[in-house]
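Here are a few exercises to work through with the structure open in your viewer. Try each task before you read its solution.

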Amino acid sequence: MVAQPNDRPGLSRLGAPIDARPLFGPELGALLGLLRGLRPGQWGETAVPGWTVHDVAVHVLGDYRARLGRREFGAFAPGETLEAFIHRANQEWVDRHRDMDPAALVDALEEAGTELARRFAHADLDAPSLGVSWAGADPAPMWLDCAREYTEYWTHRQQIRHAAGLGTDPEPRALSLVLDTFMRALPHTLRDTAAPAGTRVEVTVPGPGGGAWTVTAGPDGWSLAEDPGSRPAAATVELDPETAWRLCTRGLRPADALARARVEGDRRLAGAVCRIVSIVY
C-alpha cells in the first residue's frame, strides 16, 4: 500500500492534519480517575440508551483491544452493512462482559489503554490507515484515523461523566481537538448540497476549546482546504461547544441544533451543516 501524505489529490479536502497522539495518555488517566471515583451504584446508571456506565466502559475496553489486534469480530451476516455489523459486534462484546467486576475492568482498561497510547505515540501520521466513513475517506490518513479514535474515547468518557451527575469536561486542549476532528466531516456532510463553485460556509464554536472552520464548494465537491479566493461566506453557523459535540455524536437532532445556532446568510446551507454526523451510525 502506498503512503498518502495529505498533499495528495483528494486528501487536501480534509483540511490540515491533526496530531492527537500526545493526548491518549492524559485521556486514559482522566477515564481511570473517573471510574475509580464512582460509587458502586453509579456503575448501573444509564450512560446512553440501552447501556449502563459499566457497559460503556466495557465497550471502551473492546475498542482498545480491537486496535491492539486482541479482539475477534467474526464475519458479516448476509446483506449486513458495515454500520450494522459494527453495532452488532459491539453489543455482543458488551453482553459477554456484563458480569465483569468493575475493579478488574478498570485494571484491564489501564493495561490495554497504556499499551495503545504507546503505539499511537509512534504512529506515522501520513501513512494510510483505517477508513473514516463519516469523512468519506477510505483509506484515511493515519492522522485522521488516530484523531477519530481519540474522539471515541473522549465522547464515551463524557457519557460516563453525565451519568455520574457531572458536566462535560471543559479542558480546552482536548475539547479543541475533538471539535476539530468532528468538523472534518463537513465536506462529506455537504456532498449532496448543491452550490456554485467558490461558495463558502463558515462554522464557528466560541470559547477556549472552540475554533473556526471554512468549507468551500468546488468542481469536485466541498473542501476544508484553504481557499485563496476568500470571498464572503454565503452562510455562517455559530454553535456553542455543548451543542456542537452533541450534534456530531447524534446526541442532539439537527433541527434542535439549528434552532440553537446563530445563523447568518443562507439557511439552506446552515441546515445542511447541521446534518453533520462524526461517528459511525
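## Exercise 1: The chain as a whole

The model is a predicted one, where local features need pLDDT of at least 70 and side-chain atom pairs count only at pLDDT 80 or more, while totals for chains, interfaces and linings use all residues. Residues are numbered from 1 along each chain as its sequence is written, and side-chain values use heavy atoms, leaving out hydrogens and water.

**Task.** Describe the overall size, surface and contacts of the chain.

**Solution.** 

1. Begin with the radius of gyration, taken over C-alpha atoms; the globule rule is 2.2 Å times the number of residues to the power 0.38. For 281 residues a compact globule would have a value near 19 Å, and the chain agrees, with 19 Å.
2. Next, take the extents: the C-alpha trace spans about 55 × 45 × 40 Å along its principal axes.
3. The accessible surface is about 13,100 Å², and carbon and sulfur atoms hold 53% of that (Shrake-Rupley method, 1.4 Å probe; for residues, only the protein chains shown count as cover).
4. Finally, look at contacts (heavy atoms within 4.5 Å). Among those with a separation of 6 or more, 70% come from residues 24 or more positions apart.

## Exercise 2: The sheet

**Task.** Which order do the 5 strands of the open sheet have, and why is one side of E7 and of E9 left without a neighbour?

**Solution.** 

1. The chain has 10 helices and 9 strands (DSSP runs numbered from the N terminus: helices are H or I with at least four residues, strands E with at least two).
2. The order is E7-E6-E5-E8-E9, with mixed pairing (two strands pair if DSSP finds at least two bridges between them).
3. E7 (221–223) and E9 (262–265) stand at the edges with a single partner strand each, so one side of each has no neighbour in the sheet.
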